[in-house]
Amino acid sequence: MNLTACDREPIHMPGAIQPHGLLLVADGTSGAIVGGAGNLEERFGGDWLGRSVADLLGIEVAQRLEQSEEQRCQLGWLSQAGVDGAAVRQGAHWLIQLEPASADMRAVDVLGWMDETGLQFERAGNLVELCERAAKSFSDLTGYDRVMIYRFLDDDAGEVIAECNASGISGFRNHRFPGSDIPQQARGLYVRNRVRVIPDVHYQPQPIRPAEFAGLDLSDIDSRSVSPIHIQYLKNMGVSASASMSIVRDGLLWGLVACHNTTPRNLDMAQRRAAQLVAAGLARQIGAKEEAEAYRDRIRVRAEEDALLSQLSEDGDLYRMLSGSSDALRRVFGADGLAIIHGTKLHLDGRCPDRDDVREVARWVRDKSAVPFYTNELGKVFAPATAYADHASGLLAVTISTQVPTILLWFRAEEEQLVKWAGNPHEGKAMTPGEMLTPRASFEAWSQIVHGKSRTWTAGEVEGAHRLIAKLYEIRQNIRQRELSESLQIALSDKDRLIEQKDTLIKEVNHRVQNSIQLVMAFLNLQARASAGDEATVRSLEEAQRRLSAVGLVHRRLYTDDNVESVDLSRYLQELVDDLRMSMGAEWRDYISTSFAPIMILADNAVHVGLILVELVINAQKYAYSGRPGPIAISLEQHRARFRLIVADQGQGRIGNREGFGSRMLKTLVQRLDGVIEDDDNRPGLRVIFSAPLDPSGRMTNSPLASVGLGA
């Protein structure tokens, strides 16, 4: 089954809406109604097409739309038409969605309920308890038979971590749904349109009239018609009505509040807005709980580090010092076993594979970079490890560069996991030519024992490995200095080796690059003077000088660090921004603000990220404010195995589609990092978001699972 067909389905352009709502398409200039969908004749009469917004909905609504500068306009209760309304601007048209108010929700009651719900969320002791309370709260708000809190995992599968069910309704608690149940374009719509309702899965779609408007993008329309595949998926589950509220944390889809009912049921516009606000509050509390858990883990690792460092001595060689503290080294990272390899020497502590197998892993790890390597599925990236997965399914490894490298391997034993799936995720069928793709029909519990995986290494533990490398380098340097003072021959030998090291070579290359950049900039300056009468040429030469200067800043900032294998991206970018402030002029000094989270990254990748940042800042300076000073906010944050760089301005917003040298360079840099770059309305201005995996080499791979359906 070619499951990627679901990812290509244009679900945002269904050409129809659900019958519980109405849609009017109004000309953005004249206010004339040029199209629509739903039973408009019953509400407005047979002559609705061609009439004006003021005529159908009232002069006040027409004035609000005419004066609105936003993409969305909440209209609220429209007394003339007897409906609730909201409008979305799309190109030259306003898409006006109308719905009858089916529930009597007084604002004071809703606000009181939301306040109490927020307090309940704050009092939750952990993430699971928080989600349990959320499931009960959404059940009270919506009245649906089944309410599930559904969390996305790193492999894109979803897991139900909490639910609240009516009597006699089966549940899916702790069950997983394959990642392919929610196609990628559906996940994008969940971020854009936070609440979606299907009051009756047996509805008949109401097409947009006239047919020339069938291709309208209905992503922001709540009553948008749903994919037939998703409708069949719900029918297969025995569901008659559904609703979903997106849990979006820091702009990323963390999970869903999924609601099912065995009979038709609707949520009116006021209920949906209340649900959206509560889901946003839930997302903030989830972020707080996850950050608190990560903080506690970092504190634990730090405490173990302090205990370890008190035991480390700088007397004797590095191998003897490490082997003497092996028990403490193993406890720092919560490992089941530790191996220390230095040439022919091998020290084992705890539960480890056989000595020959350990040496085999060490030879493989030695070819990796100096940054810590970690995985909780070693057998997937190093096939021989499957033979001893019971001892070494998880691996954290560091290499200390010496004349004979010292390699430290922390092992975690296999932890067999019994995973319950809502149906077999690996089931598939061959498709005949012309056959339509259909969702799976079985949701009976299907258990799978997962082998070859260990407990995941936390971000705090990986950061601790980075710090340990730095400390061991420091200890090694101190030991070396004492040895150098004892023998001139050893000093000369070490000096020759140090000159050959990669960091010295890179810094020398960087020095030459800086000289070359200065020469080219001087030439461009002379050429600009010679072309003083040609303004276009002068502007092009000045632009080239700015970009060369930016490249020089990126290189100079990166290679001032002693460790050229990996860098703290936040420190590197902060120093780069400080240099940019000076190069942009004193008038920009107070307009650039930063908020950077500490993230360790490969130095080569940091160069690309630095160039991307410089290009985005130059674009904001050039296009948002036409060279005049204005606010530019820059932030760096981490979400699981990815990081995001955000550059936001408050300028003119997007002006056309520019495709110059800078844009092509930016596209190439983003591709090299396996990243994506998006822009959004900052209201006012533009907000550009670049995201990429922390390790673009693809060590942490995702397993494709075969299924379709849960996303609309």
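# Close-up views of the predicted model

**View 1. Val 609 and its contacts.** Setting aside neighbours within four places in sequence, Val 609 is in contact with Leu 569, Leu 573, Ile 601, Phe 643, Leu 645, Leu 673 and Phe 690. Contact means heavy atoms within 4.5 Å. The model is predicted: local features need pLDDT of at least 70, side-chain atom pairs count only at pLDDT 80 or more, and totals for chains, interfaces and linings use all residues. Residues are numbered from 1 along each chain as its sequence is written, and side-chain values use heavy atoms, with hydrogens and water left out.

**View 2. The largest nonpolar core.** A nonpolar core is a set of buried Ala, Val, Leu, Ile, Met, Phe, Trp, Tyr and Cys residues joined through side-chain atoms within 4.5 Å. Buried means under 20% relative accessible area, exposed over 50%, and partly exposed in between (1.4 Å probe, protein chains only). The largest core has 42 residues, and those touching the most other members are Leu 569, Leu 573, Val 609, Leu 613, Ile 634, Phe 643 and Phe 690. At least two core residues come from each of α18 (569-584), β22 (592-596), α19, β24 (632-639), β25 (642-649), α20 (661-672) and β27 (686-693). Helices (H or I, at least four residues) and strands (E, at least two) are DSSP runs, numbered from the N terminus. With 13 residues, α19 gives the most to this core. Another core lies apart from it, with 34 residues, among them Met 114, Tyr 144, Ile 161 and Val 197.

**View 3. Helix α19 from end to end.** How many of the 22 residues of α19 are buried? The count is 19, so the helix is mostly covered. An α-helix has 3.6 residues a turn, so residues three or four places apart point the same way. Ser 626 follows α19 and has a positive phi, near 55°.

**View 4. A five-strand open sheet.** The strand order is β3-β2-β6-β5-β4, with antiparallel pairing. β3 (33-37) and β4 (72-78) are the edge strands, each pairing on one side only. From one strand to the next, the twist averages 20°. Helix α4 (residues 59-67) packs on the sheet and touches β4, β5 (83-90) and β6 (93-99); its direction makes about 170° with that of β4. Axes are lines fitted to C-alpha atoms, for helices over the stretch in contact, and angles run from 0 to 180 degrees between N-to-C directions.

**View 5. Strand β2 and its partners.** Two strands pair if DSSP finds at least two bridges between them. β2 (residues 22-27) runs antiparallel to β3 and is joined to it by four bridges. Leu 23 has Ala 37 as its bridge partner in β3, and Leu 24 has Gly 36. Six bridges join β2 to β6, again antiparallel. Val 25 is partnered by Leu 95 in β6. Five of the six residues of β2 are buried. In a regular strand the side chains alternate between the two faces of the sheet.

**View 6. The β2-β3 hairpin.** Five residues lie between the strands, and Gly 31 takes a positive phi near 80°. Thr 29 sits in the loop between β2 and β3. Is Thr 29 buried or exposed? Its relative accessibility is 77%, so Thr 29 counts as exposed. The C-alpha atoms of Thr 29 and His 93 are 8.1 Å apart, although 64 residues separate them along the chain.

**View 7. Salt bridges.** A salt bridge is a side-chain nitrogen of Lys or Arg within 4 Å of a carboxyl oxygen of Asp or Glu. The whole structure holds 29 of them. One joins Arg 192 to Asp 217 (4.0 Å, N to O). Arg 192 lies in helix α7 (residues 184-192) and Asp 217 in the loop between β11 (206-207) and α8 (228-236), so the pair ties together parts that are 25 residues apart in sequence. Arg 192 is partly exposed at 46% relative accessibility, as is Asp 217 at 21%. Another salt bridge pairs Arg 273 with Asp 222, with the closest N and O atoms 3.5 Å apart. This pair links distant parts of the chain, 51 residues apart: Arg 273 is in helix α9 (residues 269-309), Asp 222 in the loop between β11 and α8. Asp 222 is buried, with a relative accessible area of 4%.
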